[in-house]
Amino acid sequence: MTQREKVVEHVSQMIMALGVKSVRMDDVAGSLGMSKRTLYEMFGDKEELLYQSMIHLMGQQRRCMSQSVADCENMLEVLLRSVRLLGSYGQVKDMEKRLAFNLKKFYPNVYNKIKRDHAEHGLAGLRYALDKCMEEGYLDPTVDVELMARLFLSTSGTLLSEDNIVIPDEVSREEAFGAMVVNFLRGLASEKGLKVIDALLAREPRPKTLAERRMMNN
């Protein structure tokens, strides 16, 4: 690991532990036993250091996701599990929402670059996965992959991050996202793909309907 990589790794840990507001160049330099001048020579300014550290954190999350789907048997299973995992431990975590809020408030340039990078990577990844599903016969051949990928990311981003989305009290945001993912993929699937989705869902407990949840609460 190079000295620059060590700095990025260290600051990434500071961000997760303290938040972006608490990351000071003096503290970073002191904790690493180097001069602040050396930090500026490496990164130019604090915003670039924060940007590189956030990119590092995003890379860690993607690697964790890859490990979680390593045992999947086909691309449709990879896609279904990946996007459902995203809803269960990704953008909706309170800590990550606070991080994004503070980044947007105090470092808007960094926030906008990260948001753009995240969107581009997400679109490329989803488009690749849908293309593979199409090649493997899991999608209806009439599906417009580019359009569906963009619509899904736009809709899911709103559902996961916007607080003004009205979700029934009986359903968590993660559960709502999971239901949307399943129905999105079922809408794109071929007969072969539907069989795979149904087989995967059969391994899990059936989610309670909204009506069933309300009856339980009465």
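Biologist: Let's start with the second largest pocket: how many residues of its lining are nonpolar, how many polar and how many charged?

Modeller: Bear in mind that we are looking at a predicted model. The second largest pocket has about 650 Å³ of space, and 25 residues line it. Sorted by class, this lining has 11 nonpolar, four polar and 10 charged residues.

Biologist: Which helix gives the most residues to the lining of the second largest pocket?

Modeller: Four helices each supply at least two residues of this lining: α5 (75-89), α9 (173-188), α10 (191-202) and α11 (210-217). Among the residues that lie nearest the centre of the pocket are Gly-178 and Val-182. With seven residues, the helix that gives the most is α9.

Biologist: What percentage of the contacts between residues at least 6 apart in sequence join residues at least 24 apart?

Modeller: The protein chain has 218 residues, and 38% of them count as buried. Now take the contacts between residues at least 6 apart in sequence, and ask for partners at least 24 apart: the share is 63%.

Biologist: Are α1 and α4 roughly parallel or roughly perpendicular?

Modeller: Two packed helices are described by the angle between their axes and the distance between the axes. For helix α1 (residues 3-18) and helix α4 (residues 46-68), the axes come within 8 Å and cross at roughly 80 degrees. Because angles of 65 to 115 degrees share one label, α1 and α4 are roughly perpendicular.

Biologist: How many nonpolar, polar and charged residues are in the contact of α1 with α4?

Modeller: On the α1 side the contact includes Val-7, Val-8, Val-11 and Ile-15, and on the α4 side it includes Leu-49, Leu-50, Met-54 and Leu-57. Arg-4 and Glu-9 in α1 also take part, as do Gln-52 and His-56 in α4. By class, the residues of this contact come to nine nonpolar, five polar and three charged.

Biologist: Which residues of α3 meet α2?

Modeller: Helix α2 (residues 25-32) and helix α3 (residues 36-43) pack at about 105 degrees, with axes 9 Å apart, so α2 is roughly perpendicular to α3. Their contact has five nonpolar, no polar and two charged residues. From α2 come Met-25, Asp-26, Val-28 and Ala-29, and they meet, in α3, Lys-36, Leu-39 and Tyr-40.

Biologist: Is Val-23 buried or exposed?

Modeller: Val-23 is in the loop between α1 and α2. Leaving out neighbours within four places in sequence, Val-23 is in contact with Val-11, Met-14, Ile-15, Val-28, Lys-46 and Leu-50. The C-alpha atoms of Val-23 and Lys-46 are separated by 9.1 Å, though these residues are 23 apart along the chain. The relative accessibility of Val-23 is 1%, so the residue counts as buried.

Biologist: What relative accessible area does Met-34 have?

Modeller: Met-34 sits in the loop between α2 and α3. Beyond the residues up to four places away in sequence, Met-34 touches Gln-3, Val-7, Ala-29, Leu-39 and Met-42. Buried means under 20%, and Met-34 is buried because its relative accessible area is 15%.

Biologist: Last one: which residues is Val-110 in contact with, leaving aside neighbours within four places in sequence?

Modeller: Val-110 belongs to helix α7 (residues 108-135). With a relative accessible area of 2%, Val-110 is buried. From Val-110 to Ala-189, 79 residues away in sequence, the C-alpha to C-alpha distance is 38 Å. The contacts of Val-110 are Glu-47, Leu-50, Tyr-51 and Leu-103.

Definitions and conventions:
Residues numbered from 1 in each chain as written. Predicted model: local features only at pLDDT ≥ 70, side-chain atom pairs only at ≥ 80, totals over all residues. Heavy atoms only, no water. Axes fitted to C-alpha atoms, helices over the stretch in contact; angles between N-to-C directions. Parallel < 35°, antiparallel > 145°, perpendicular 65-115°, else oblique. Contact = heavy atoms within 4.5 Å. Nonpolar A, V, L, I, M, F, W, Y, C, P; charged D, E, K, R; others polar. 1 Å grid on protein atoms, 1.4 Å probe; cavity = no way out; pocket = protein on both sides within 12 Å on 5 of 7 lines; lining within 4 Å. Points joined across faces, edges and corners; volume = space filled by probe spheres on them. Buried < 20%, exposed > 50% of the residue type's maximum accessible area, 1.4 Å probe, protein only.
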